[in-house]
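Hello,

Here is the structure I promised to hand over. Please have a look, and then read my notes below.

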Amino acid sequence: METVIAKIRSMGVDLPAESVNRLMQCVSRRCFTRRQKMVEAGARGGYAYFIEKGITRSYWLVDGQEITTSFSLEGSVVFSMDEMYYGKESEEYVEAVEAVEAYAIAVADLRKLWTEDAAFARWALLIHQDEYRRLHRSHKERLTLAAAERYEAFRTQFPEVCRRARLGDIASYLGLTLPTLSRLRAKK
């Protein structure tokens with residue numbers, strides 16, 4: 001959990017030893033192989049995952065086509081929003097893009113930390129603010145930028161994803177076809 005704890009602290013959250021101990025009592029180490037599903041659409045898995053090592057992607061399945069909605073790197077937390085906030089089955093999948101080492105925490109335990117521990121409440125607020133900003137930026141870029149500009153903005157914002165994720169998943173996230181993204185990359 002060193003990477004996760006460091007990421008939380010890097011966000012300006014004062015995370016005292018007592019809070020870290022509470023977290024450590026709730027988590028268990030889990031490893032996922034490349035392309036293994038961590039969250040399944042149509043199910044309630046009951047867990048959120050702190051990513052210690054590796055990268056994940058979240059996606060919807062629309063008319064048999066995978067539509068990538070986000071990527072998560074080391075230090076992030078991934079979960080089904082439907083399950084976490086609404087107690088419903090997930091509408092999206094989360095899969096390991098590469099081998100992932102994660103720490104699983106029961107959704108109920110994470111909710112409890114967010115409501116009972118001021119440090120984790122602060123962290124939750126910050127990650128939700130960051131995610132909202134990412135979604136807002138992504139929506140704006142899809143509506144206002146040409147394909148080449150979209151890709152360049154993504155490359156600048158997420159260089160690690162560009163290095164580690166499959167090109168098709170990046171194209172899907174950007175709302176581009178694979179041939180279009182391949183042509184854009186060849187021009188660089």
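Tyr86 sits in helix 3, residues 81–86. Helices here are DSSP runs of H or I with at least four residues, strands are runs of E with at least two, and both are numbered from the N terminus. At 58% relative accessibility, Tyr86 counts as exposed. The cut-offs are under 20% relative accessible area for buried and over 50% for exposed, with partly exposed in between (1.4 Å probe, protein chains only). Together with Met81 and Tyr85, Tyr86 forms a nonpolar patch on the surface. The accessible area of the three together is about 340 Å². Patch residues have over 30% relative accessible area and no salt bridge; nonpolar side chains (Val, Leu, Ile, Met, Phe, Trp, Tyr) are joined within 5 Å, like charges within 9 Å. A salt bridge puts a side-chain nitrogen of Lys or Arg within 4 Å of a carboxyl oxygen of Asp or Glu. Areas come from the Shrake-Rupley method with a 1.4 Å probe, and for residues only the protein chains shown count as cover.

Some background: this is a predicted model, where local features need pLDDT of at least 70, side-chain atom pairs count only at pLDDT 80 or more, and totals for chains, interfaces and linings use all residues. Residues are numbered from 1 along each chain as its sequence is written, and side-chain values use heavy atoms, leaving out hydrogens and water.

Strands pair if DSSP finds at least two bridges between them. Strand 4 (residues 56–62) and strand 7 (residues 93–96) are joined by 4 bridges. In strand 7, Glu95 is the bridge partner of Arg57.

Helix 8 (residues 167–174) carries Ser172. Ser172 is buried, at 13% relative accessible area. Beyond its neighbours within four places in sequence, Ser172 contacts Glu66, Ile67, Thr68 and Arg142. Contact means heavy atoms within 4.5 Å.

Two loop residues deserve a look. Most residues other than glycine have a negative phi. Arg35, between strand 1 (27–32) and strand 2, has a positive phi near 75 degrees. Arg35 is partly exposed at 28% relative accessibility. Asp63 lies in the loop between strand 4 and strand 5. Its phi is positive too, at about 50 degrees. Asp63 is exposed, with 83% relative accessibility.

Best wishes
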